[in-house]
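Reader: I have a new model open on my screen and would like to learn how to read it. Could you take me through it step by step?

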Amino acid sequence: MSAERPRVALDLDGSLESLGNSMTDLADALDATGECELLRFHSGSAPPSPGDARLALRPLWTPLWRRGVGPSLDRLLAPVDVLHVAGRATPPTKSTPLLISVDDLRPLRSESREYLRVTQLRRAVRHGATLVASTRSASHEVRRVLDVAPTRIVVVPPAVPLVQPTREGTKLVVNLTGVVNPFLRLAPALVSLARGHGATVEALASQAVTQQIRASGLDVVVRPRSDARRALGEARVVLHISDGARFPSFAIAALAAGVPTIARATTINRELLSGAAELTESDDEVVPLLNELWESPSRRAIVMAAGRSRAEDFAPATAARAYVALYKEVVRGWRT
């Protein structure tokens with residue numbers, strides 16, 4: 001295979017997104033570049049498309065691959081130049097370079113018997129894998145936690161799934177990722193603000209967080225993450241509340257949809273959203289800012305234009321170009 005048009009095996013089970021399968025979006029964008037030959041496969045589920053590669057006895061290997069052990073993946077696939085995974089599976093490889101996208105830092109912060117991510121990633125790096133962090137700040141945390149050389153980590157933002165522009169949204173949509181207490185403190189004021197505009201507060205949350213919100217008795221509509229795309233299409237303003245451990249795809253998708261967005265000023269949000277979303281240092285800033293973004297046409301227009309421009313940096317086509325360059329670099333380095 002040529003380093004100028006490498007053959008890449010991409011695991012479509014790596015997506016962590018509620019908006020859609022970001023790995024499928026990346027795969028489609030990679031195909032559109034014409035600069036690599038793509039082999040799609042699934043490390044943890046049955047392939048839904050006839051064109052995807054099938055792995056012999058895959059259900060037997062998936063639990064092993066989630067611990068970084070088991071049969072070499074490149075022996076189960078047609079010959080490729082690069083293997084790229086982004087989910088829980090980090091299968092060993094025999095003679096093919098492996099890229100592992102690390103988009104979620106929470107497993108690095110909280111080890112468990114179920115999911116020993118630190119041990120898994122350290123083992124993969126010892127065997128030659130390269131880690132792909134989603135941001136510079138995330139790369140620093142990955143390097144510190146895993147204690148690996150900086151040459152073993154590169155930074156390439158993931159693809160953010162494409163969304164339709166939101167038109168005439170009427171709801172305050174709150175995306176909760178990794179935290180709930182800040183929302184519970186703010187919720188009465190958020191509900192009051194929304195009612196004043198004849199609107200409702202809708203929260204996107206995990207099942208565990210949903211139970212906490214419902215137990216609080218707050219007048220908030222709680223929707224599962226699978227409703228993220230529909231909720232975004234109905235939003236007038238988005239409030240993104242996270243622990244800063246994951247790439248803020250929902251916030252970026254909101255910017256792409258033209259929805260004014262407020263987020264907490266975490267390290268990752270400062271790096272990615274500053275100048276496009278409104279970042280708050282204190283919860284006291286949230287309600288006045290929400291009210292201004294709700295009511296002021298001029299402020300909304302400025303924020304919406306900045307948001308759409310920033311979102312282009314994370315579109316699937318942009319991510320594909322960055323990954324093609326990385327694939328070519330990996331192939332050249334592997335052969336020298």
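**Reading the model together**

Author: Happy to! Let's begin with charge: the protein chain carries 42 positive and 35 negative side chains, and the centres of the two sets lie 5 Å apart. Here Lys and Arg count as positive and Asp and Glu as negative, while His and the chain ends are not counted. Each charge is placed at NZ of Lys, CZ of Arg, CG of Asp or CD of Glu. This is a predicted model, in which local features need pLDDT of at least 70, side-chain atom pairs count only at pLDDT 80 or more, and totals for chains, interfaces and linings use all residues. Residues are numbered from 1 along each chain as its sequence is written, and side-chain values use heavy atoms, with hydrogens and water left out.

Reader: How many helices and strands are there in the protein chain?

Author: The protein chain has 13 helices and 12 strands. Helices (H or I, at least four residues) and strands (E, at least two) are DSSP runs, numbered from the N terminus. The radius of gyration is 21 Å, close to the 20 Å that the globule rule gives for 336 residues, so the chain is as compact as a globular protein of that length. That radius is taken over C-alpha atoms, and the rule is 2.2 Å times the number of residues to the power 0.38. Along the principal axes, the C-alpha atoms fill a box of roughly 60 × 40 × 40 Å.

Reader: What percentage of the residues count as buried?

Author: Of the 336 residues, 53% count as buried. Buried means under 20% relative accessible area, exposed over 50%, and partly exposed in between (1.4 Å probe, protein chains only). Contacts are also worth a look: among those between residues at least 6 apart in sequence, 63% join residues at least 24 apart. A contact means heavy atoms within 4.5 Å.

Reader: Now a helix, please. Which residues of α7 are buried?

Author: The general idea comes from the helix repeat. An α-helix has 3.6 residues a turn, so residues three or four places apart point the same way. In α7 (residues 207-216), V209, T210 and I213 are the buried residues. Seen down the axis of α7, they fall within an arc of 105°, so they line one face of the helix. The arc is that of the directions from the helix axis to the C-beta atoms. On the other side of α7, Q207, Q211 and A215 are exposed.

Reader: What do the buried residues of α7 pack against?

Author: Their partners are β7 (171-177), α6 (181-196), β8 (201-204) and β9 (221-223). After α7 comes G217, with a positive phi near 75°.

Reader: Which residues are buried in α11?

Author: In α11 (residues 286-295), V286, L289, L290, L293 and W294 are buried. These cover an arc of only 135° around the axis, which puts them on the same side of α11. The face turned away from that buried side carries the exposed residues P288 and E295. Among the elements covering the buried residues of α11 are β10 (235-242) and α12 (297-311).

Reader: Where do residues other than glycine show a positive phi?

Author: First the background. Most residues other than glycine have a negative phi, and most peptide bonds are trans. Here L57, which is not a glycine, has a positive phi of about 60°. L57 sits in the loop between β2 (37-41) and α2 (58-65), and is exposed, with a relative accessible area of 54%. E168 also has a positive phi, near 60°. E168 lies in the loop between β6 and β7 and, at 77% relative accessibility, counts as exposed.

Reader: Is S249 buried or exposed?

Author: At 2% relative accessibility, S249 counts as buried. S249 belongs to α9 (residues 249-256) and touches E17, L19 and V160, not counting residues up to four places away in sequence.

Reader: And where does T200 lie?

Author: T200 is in the loop between α6 and β8. T200 is partly exposed, with a relative accessible area of 36%. Leaving aside neighbours within four places in sequence, T200 is in contact with K171, L172 and A194.
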